[in-house]
Amino acid sequence: TVSNKNTAPAKTITEIGAYVETAWVTGASVWDVNKNGTTIMTTNKLSIDSAEVSTRTATTAPTLTTTAITAGDLITIDTDSLSTTKPKGFHLRMGIRLT
């Protein structure tokens, strides 16, 4: 078998979540994750509820609508809405496996 070192193996996003370092008490905050400028979560984006610090306990869990990812893809995060008291220390968590 001939191997082409310039060809990166295909990858799949298997999970996504987020957490913040400070909780708030009024309203939820919502973030969208994009791959090359297009959302990977058409509905059910990253949401952290009032007085919470993680999407793991969100009323609505985040749902991936795009999972394919390759070397060189640009991942960006947009803030869709913020709670009245602003969260601090946002961290994104993505599980990616070779396919």
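Is Trp-31 buried or exposed? Trp-31 is buried, at 5% relative accessibility (buried means under 20% relative accessible area, exposed over 50%, partly exposed in between, with a 1.4 Å probe and protein chains only). The model is predicted, so local features need pLDDT of at least 70 and side-chain atom pairs pLDDT 80 or more, while totals for chains, interfaces and linings use all residues. Residues are numbered from 1 along each chain as its sequence is written, and side-chain values use heavy atoms, leaving out hydrogens and water.

**The aromatic pair**
- Searching the whole structure turns up one aromatic pair (ring centres within 6.5 Å, using the six-membered ring of Trp; planes under 30 degrees apart are stacked, over 60 edge-to-face, the rest tilted).
- Trp-31 and Phe-90 make up this tilted pair, at 4.6 Å centre to centre with 40° between the planes.
- Trp-31 sits in strand S2 (residues 29-35) and Phe-90 in the loop between strands S6 (75-81) and S7 (91-98), so the pair ties together parts 59 residues apart in sequence (strands are DSSP runs of E, at least two residues, numbered from the N terminus).
- Phe-90 is partly exposed, at 27% relative accessible area.

**The nonpolar core**
- The largest nonpolar core has twelve residues, including Trp-31, Leu-46 and Ile-69 (buried Ala, Val, Leu, Ile, Met, Phe, Trp, Tyr and Cys joined through side-chain atoms within 4.5 Å).
- S1 gives the most to this core, with three residues.
- Leu-46 is in contact with Trp-31 and Phe-90, among others beyond four places in sequence (contact means heavy atoms within 4.5 Å).

**The sheet**
- An open sheet of three strands runs S5-S1-S7 with antiparallel pairing (strands pair if DSSP finds at least two bridges between them).
- Lys-11 has Ile-69 in S5 as its bridge partner.

Conventions. Helices (H or I, at least four residues) and strands (E, at least two) are DSSP runs, numbered from the N terminus.
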